[in-house]
Amino acid sequence: MSKVLTVFFSAEGNTRALAERVNAAAGGDIFEVKPVEPYSKADINWKNPISRCNKEKIGKKDIPIVGTVENFGDYTTVFVGFPIWYYGAPNIINSFMKQYDWTGKRIALFATSGGSDIGKTVGKLRPYVTGDCRIIAAQVFKSGDDVEAWVSGLVK
Ligand SMILES: Cc1cc2nc3c(=O)[nH]c(=O)nc-3n(C[C@H](O)[C@H](O)[C@H](O)COP(=O)(O)O)c2cc1C
């Protein structure tokens, strides 16, 4: 049996709830990607042009993350979850992906959104994922979707 890891970032709780379902179905370990500086409500107000999220989007700087995944090399399948921000993964997910060697891993992306589909999220994230690995799935989930069936089709 391969080792499975579920990784997630969530600013407002939607992706956390989804990640908990993914992890329960996948039966592995879970790691929360937490920013060293938590996002306040004002920080994620994308309607304000000078809010933190808008500045980070333009700046493309790495977002410091609390802690690291222990024994990352042991995992063969990694589920990575996040809210769609600006039609893609949030910068903190780019920063997370950059920190690890993904050689040999199967990566499945899952997301929540306000309505956007997965769109070009995979292509935008790919440059931050180093090592010979495969992104085997990428999906935005809406309420009522069968998350467990999706997970069980990917875990082997
Ligand atoms: C900075 C920011 C940008 C967002 N961009 C999009 C977007 O491009 N498309 C979309 O459908 N929803 C967008 N949303 C909405 C979130 O994807 C959605 O509310 C998500 O479920 C939040 O997940 P969370 O509760 O795990 O943080 C955005 C939200 C924020 C805060």
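A residue is near a molecule or strand if its C-beta atom, placed from the backbone, lies within 6 Å of it. Helices (H or I, at least four residues) and strands (E, at least two) are DSSP runs, numbered from the N terminus.

Good morning. The structure shown above is a predicted model, in which local features need pLDDT of at least 70, side-chain atom pairs count only at pLDDT 80 or more, and totals for chains, interfaces and linings use all residues. Residues are numbered from 1 along each chain as its sequence is written.

I begin with the ligand. It is surrounded by 20 residues, of which E12, T15, P83, G114 and S116 are the closest. Which element gives the most to this shell? That is helix α1, residues 14-26, with three residues. By class, the shell holds nine nonpolar, nine polar and two charged residues. Here Ala, Val, Leu, Ile, Met, Phe, Trp, Tyr, Cys and Pro count as nonpolar, Asp, Glu, Lys and Arg as charged, and the others, Gly among them, as polar.

Next, the overall architecture. The protein has five helices and five strands, and along the sequence they follow the pattern β-α-β-α-β-α-β-α-β-α. Within it, β1, α1 and β2 form a right-handed β-α-β unit; right-handed means that, with the strands pointing away from the viewer, the path from the first strand over the helix to the second runs clockwise. Strands β1 and β2 (residues 29-32) run parallel and are joined by four bridges, where pairing requires that DSSP finds at least two bridges between two strands. In this pair, L5 stands opposite D29 of β2.

How does the radius of gyration of the protein agree with that of a compact globule? For 156 residues, such a globule would have a value near 15 Å, and the protein has 15 Å, which agrees. The radius is taken over C-alpha atoms, and the globule rule is 2.2 Å times the number of residues to the power 0.38. Along the principal axes, the C-alpha atoms fill a box of roughly 50 × 35 × 25 Å.

I turn to burial and contacts. A residue is buried if 20 or more other C-beta atoms lie within 10 Å of its own, exposed if 12 or fewer, and partly exposed in between, with C-beta atoms placed from the backbone. Buried residues make up 29% of the 156. Two residues are in contact if their C-beta atoms, placed from the backbone, lie within 7 Å. Of the contacts with a separation of 6 or more, 78% are between residues 24 or more positions apart.

Helix α3, residues 91-98, has N91, I92, I93, F96 and M97 buried. Against which elements do the buried residues of α3 pack? They pack against β1 (4-8), α2 (52-59), β3 (77-83) and α4 (121-125).

R21, in helix α1, is partly exposed because 18 other C-beta atoms lie within 10 Å. Not counting residues up to four places away in sequence, R21 touches V147 and E148. The C-alpha atoms of R21 and I92 are separated by 22 Å, the two residues being 71 apart along the chain.

Finally, the loop between β3 and α3 contains Y86 and Y87. Phi of Y86 is near 50° and that of Y87 near 60°, in each case a positive value in a residue other than glycine. Y86 counts as partly exposed because it has 13 C-beta neighbours inside 10 Å, and Y87 likewise has 13 and counts as partly exposed.
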